[in-house]
Amino acid sequence: MFLAAGTIIPAMLSTRQKIYLPFKRFFDILFSLLALIVFSPLYIVLAILVKTTSKGPVFFKQDRIGKNKKIFKILKFRTMRSDTDPNTPTHMLENPEAHITKVGRFLRKTSLDEIPQAFNILAGQMSVIGPRPALWNQDDLIAEREQYHANDIKPGLSGWAQCNGRDELSIPDKARLDGEYVKRFNIWFDIKILFLSVFKGFSGKGEKEGKKE
């Protein structure tokens, strides 16, 4: 119905999960369209703030790992100086704070920098809920997720790991929680994660600067 022709459904999913997938995609499309329409004034305000307070483009694009480990370009509001290497994870920068803009610090703490990913969701590269997409060079996280089949489903705007520690989690714990999501996901679990994510996102709980995904 809402799955593209030729879409491969992971074999490890339960029958109920396979039935839920087209509806999950429908909700993704509905959510992303509503977000783009309802929050368009916020998009405009944030875009102006990013553009007028630091040099560089409004949006930041970065290679991430998608379903079946296919690389895609994730979209965010730019939160760092334009001369920062986009291929270096934030936690690997020598002094992360020196690279983050004043507006960027607020956007990262509230996760508002993530809202342009509504375009990624609409394009079918991401889902609203799923494992957060790893950077293309996060080989340790990608390898850990492989044993839990967490690389076999679409990454999400937020996920179960983000509700249980966010940046405070070790890579093995993050991969384990992503694997737990793969086993458990259904409409009620997705709704629970969505509400928890909104609360934790705006509270900034669990977010550590220099380690943000």
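At a relative accessibility of 35%, F59 counts as partly exposed, a class that lies between buried (under 20% relative accessible area) and exposed (over 50%), as computed with a 1.4 Å probe on protein chains only. The structure is a predicted model, in which local features need pLDDT of at least 70 and side-chain atom pairs count only at pLDDT 80 or more, whereas totals for chains, interfaces and linings use all residues. Residues are numbered from 1 along each chain as its sequence is written, and side-chain values use heavy atoms, with hydrogens and water left out.

The ring centres of F59 and F77 are 5.4 Å apart and their planes stand at 15 degrees, so the pair is stacked; rings of Phe, Tyr and Trp (its six-membered ring) pair if their centres lie within 6.5 Å, and planes under 30 degrees apart count as stacked, over 60 as edge-to-face and the rest as tilted. This pair links distant parts of the chain, F59 in strand β1 (residues 59-65) and F77 in strand β2 (residues 71-77), 18 residues apart, where strands (E, at least two residues) and helices (H or I, at least four) are DSSP runs numbered from the N terminus.

Over the whole structure, seven aromatic pairs are found. One of them, formed by Y20 and F185, is tilted, with 6.1 Å from centre to centre and 45 degrees between the planes. Y20 belongs to helix α1 (residues 15-38), whereas F185 lies in the loop between α7 (171-184) and α8 (187-203), 165 residues apart. Y20 is buried at a relative accessible area of 11%, and F185 is buried at 3%. Ring pairs also join Y20 and F185 with W160, Y181 and F189 in a cluster. R184 lies over the face of W160, 5.5 Å from the ring centre, and over the face of F189, at 4.1 Å from the ring centre; a charge sits over a ring if NZ of Lys or CZ of Arg is within 6 Å of the ring centre and within 35 degrees of the ring normal.
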